[in-house]
Amino acid sequence: MWFLVPAFAILLVFFVLPTLFNFVYAFTDWSGFKSEINPVGFDNFVDLASSGTLFSALRITVVYAALVAVFQNVFGFALAVLLERDTRLNRVARVFFLIPVLMSALAVGYLFQALLKPDGSVNQLISAVARQPFDHGWLADNTWTIVVVALIHSWKWMGLSMLIYLAGLKTIPEDVMEAARIDGASRWRTFWAVRSPLLAPAVTFNVATALLGSMNGFDIVQATTGGGPARTTEILNIFIYRTFGQGLFAQATTMSLVLFLLVALMAFPVIHLLRKREEIL
Amino acid sequence: MTAGAPHRSRPGRQGTGISDARIWTRLQPVVAAALVVTLIGIPLWLVLVTAAKSQGEAITPDLSWPDDWQLWDNLRQVWTDADVPAAFLGSLLVVVPTVVGVLLCGSMAAWVLARRATRLTAVLYAIAISGIILPPAVVTVVLLLRQLGLAGTVVGMIGVYLGIYLSTVIFFVTGFVRTIPTSLEEAAQTDGASPLTVFRRVVLPLLRPVLATATILVCLYVWNDVFYAFFVIGGRHDTLPLNLFRVASAGLYLNNWHLIFAYVILMSLPLIVVLAIAQRKIISGITSGAVK
């Protein structure tokens with residue numbers, strides 16, 4: 001039983017305690033400008049809510065997470081279906097799609113910042129194809145930049161989703177496919193009626209990790225837009241990083257608590273699903 | 001989107017399933033190659049050619065071939081100016097103890113959690129794996145580290161990473177231990193081996209595949225992490241991502257895309273070399289852990 005001690009001691013000190021601290025310090029005026037810390041009740045929440053920051057950051061985070069979950073899974077799934085057969089070309093292609101997964105998210109962010117500049121390569125390619133000058137500021141649009149950044153996030157992680165869908169496709173027994181074919185089902189029908197329901201565990205895992213990974217995202221947004229333009233891509237972690245840097249520790253803690261509660265709220269069904277799946281296995 | 005390609009072409013052909021399949025077999029390599037070139041090839045090409053250009057040429061990065069190939073000079077300039085060796089060492093100093101610690105503590109705990117089915121272990125397991133999903137409290141952990149005297153130190157950073165990634169390891173390993181039969185451990189126990197010996201000699205070797213998966217994932221996350229590092233050691237200890245961030249945001253380097261991309265190459269190379277050598281193992285490792 002003492003085998004549990006090291007792991008749980010570490011978890012207690014470095015994970016559980018800070019989380020509990022979150023619930024305490026979100027209600028204080030802790031800051032970098034003075035040494036004493038006083039309780040202030042719900043003041044931090046009221047301030048953040050009345051300035052509109054709280055709700056806009058929450059909305060942006062949820063929108064970002066939802067977009068990433070959709071894009072990453074659609075791309076990953078499409079790639080898995082495309083590269084399913086075990087040919088030499090497909091094996092090489094899979095390795096190529098894994099390169100972004102290994103790259104630092106910061107590096108990916110800088111890479112796309114360069115690609116998407118108004119005079120960057122993407123616009124140059126579009127101008128060349130359309131035969132007219134094109135200089136859209138992909139990362140400077142108040143409405144659509146969040147979608148572009150979510151696409152970049154999905155580009156980085158789609159290789160991982162692809163691998164997990166590939167593994168899911170491989171678990172489907174050949175005789176099930178055979179039976180569907182003998183019954184006269186078309187390829188299209190076989191695909192949607194037989195194969196996709198059997199992919200459910202892979203979908204659960206992929207959607208959950210994409211959703212939660214992007215809610216806790218930071219580096220791609222920081223490296224591409226830094227939260228701009230006009231703070232329209234400022235997800236919770238960007239806000240926490242910015243206010244922490246300004247010495248407004250209590251505000252950063254408050255947002256950190258908000259993020260915790262948001263994820264916890266969305267996570268309970270997910271934990272339930274993961275554990276249920278485990279009981280089956 | 002790509003899955004739809006063969007079916008869209010159906011009305012044109014006489015619509016039998018066989019010719020459909022044949023078109024797809026012909027078309028698939030073309031589509032796959034085109035996607036690799038546009039989605040992966042163009043971005044990587046941009047990194048490579050920009051990293052090989054002179055400063056003047058790299059001010060607006062584009063896909064053109066550099067007039068003067070100076071990749072090697074740029075790499076050398078970044079290597080010395082940005083102090084890459086120190087950052088590289090700093091990264092290793094954090095990654096290696098984290099991986100060793102997380103695997104050791106995690107698999108010890110997972111073994112017990114998998115083998116004892118009591119109420120207490122069920123609760124402990126739920127607490128342990130909740131960290132997979134719940135975000136760590138980044139701000140207050142800094143306060144805690146200050147109180148412990150570990151703020152800004154490598155030990156503090158390692159502790160924070162251990163706290164974050166233990167849950168992932170415990171989740172993966174517990175699932176794996178449950179699939180291996182208990183007979184070997186029981187045999188060793190009746191032979192009078194202590195729990196520690198059983199763990200070291202019997203259990204740990206059996207865990208090799210799942211530990212390999214966990215190693216890959218934890219390495220990937222910790223090697224590339226910049227968010228937690230900002231809070232815990234920002235400015236006092238250098239790692240590669242922190243250093244890249246400083247290089248890229250320093251006014252001195254603004255618009256010095258050739259140096260930023262030279263850095264990206266230097267930083268990504270170790271992981272890409274590992275991928276090239278061990279791709280089959282990595283791919284099967286990641287997938288077998290996630291979907292069994």
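Which residues does B:Val36 touch, not counting residues up to four places away in sequence? The answer is in Figure 1, after some ground rules. This is a predicted model, where local features need pLDDT of at least 70 and side-chain atom pairs count only at pLDDT 80 or more, while totals for chains, interfaces and linings use all residues. Residues are numbered from 1 along each chain as its sequence is written, and chains are lettered from A and ligands numbered from 1 in the order in which they are written.

**Figure 1. B:Val36 and what it touches.** Leaving out residues up to four places away in sequence, B:Val36 touches A:Ala93, A:Phe96 and B:Gly41. Here, contact means that the C-beta atoms of two residues, placed from the backbone, lie within 7 Å. B:Val36 sits in helix H2 (residues 17-51) of chain B. Helices are DSSP runs (H or I, at least four residues), strands are DSSP runs too (E, at least two), and numbering starts from the N terminus. Buried or exposed, or something in between? B:Val36 is partly exposed, because 18 other C-beta atoms lie within 10 Å. The cut-offs, with C-beta atoms placed from the backbone: buried takes 20 or more other C-beta atoms within 10 Å of the residue's own, exposed takes 12 or fewer, and partly exposed is what lies in between.

**Figure 2. Where chain A meets chain B.** Contacts link 76 residues of chain A with 73 residues of chain B. On the chain A side, helix H1 (residues 5-25) gives the most, with 13 residues. By class, that side of chain A has 57 nonpolar, 14 polar and five charged residues. For these classes, Ala, Val, Leu, Ile, Met, Phe, Trp, Tyr, Cys and Pro count as nonpolar, Asp, Glu, Lys and Arg as charged, and the others, Gly among them, as polar.

**Figure 3. A helix pair across the two chains: H5(A) with H12(B).** Helix H5 (residues 105-115) of chain A packs with helix H12 (residues 240-249) of chain B at an angle of about 25°, and their axes are 10 Å apart. The axes are lines fitted to C-alpha atoms, for helices over the stretch in contact, and angles run from 0 to 180 degrees between N-to-C directions. H5(A) and H12(B) are therefore roughly parallel to each other. In the wording used here, under 35 degrees is roughly parallel, over 145 roughly antiparallel, 65 to 115 roughly perpendicular, and the rest oblique. From H5(A) come A:Leu106, A:Ala107 and A:Tyr110, and from H12(B) come B:Pro241, B:Leu244, B:Phe245 and B:Ala248. The class count for this contact is seven nonpolar, no polar and no charged residues.

**Figure 4. Inside chain A: H4(A) across H7(A).** Helix H4 (residues 88-102) and helix H7 (residues 145-170) of chain A have axes that come within 7 Å and cross at roughly 125°. That angle makes H4(A) oblique to H7(A). On the H4(A) side, look for A:Phe97, A:Leu98, A:Pro100 and A:Val101; residues they meet in H7(A) include A:Trp155, A:Trp157 and A:Met162. Nine nonpolar, one polar and one charged residues make up this contact.

**Figure 5. Inside chain B: H5(B) across H7(B).** The axes of helix H5 (residues 119-130) and helix H7 (residues 154-177) of chain B come within 7 Å, crossing at roughly 130°. H5(B) is therefore oblique to H7(B). B:Tyr125, B:Ala128, B:Ile129 and B:Ser130 in H5(B) meet B:Ser167, B:Ile170, B:Phe171 and B:Thr174 in H7(B). This contact has five nonpolar, three polar and no charged residues.

**Figure 6. Two loop residues with positive phi in chain A.** Most residues other than glycine have a negative phi. A:Arg131, not a glycine, has a positive phi of about 55°. A:Arg131 is in the loop between helix H6 (121-130) and H7 of chain A, and counts as exposed because it has 7 C-beta neighbours inside 10 Å. A:Ala230 also has a positive phi, near 50°. The place of A:Ala230 is the loop between helix H11 (219-224) and helix H12 (236-245) of chain A. With 10 C-beta neighbours inside 10 Å, A:Ala230 counts as exposed.
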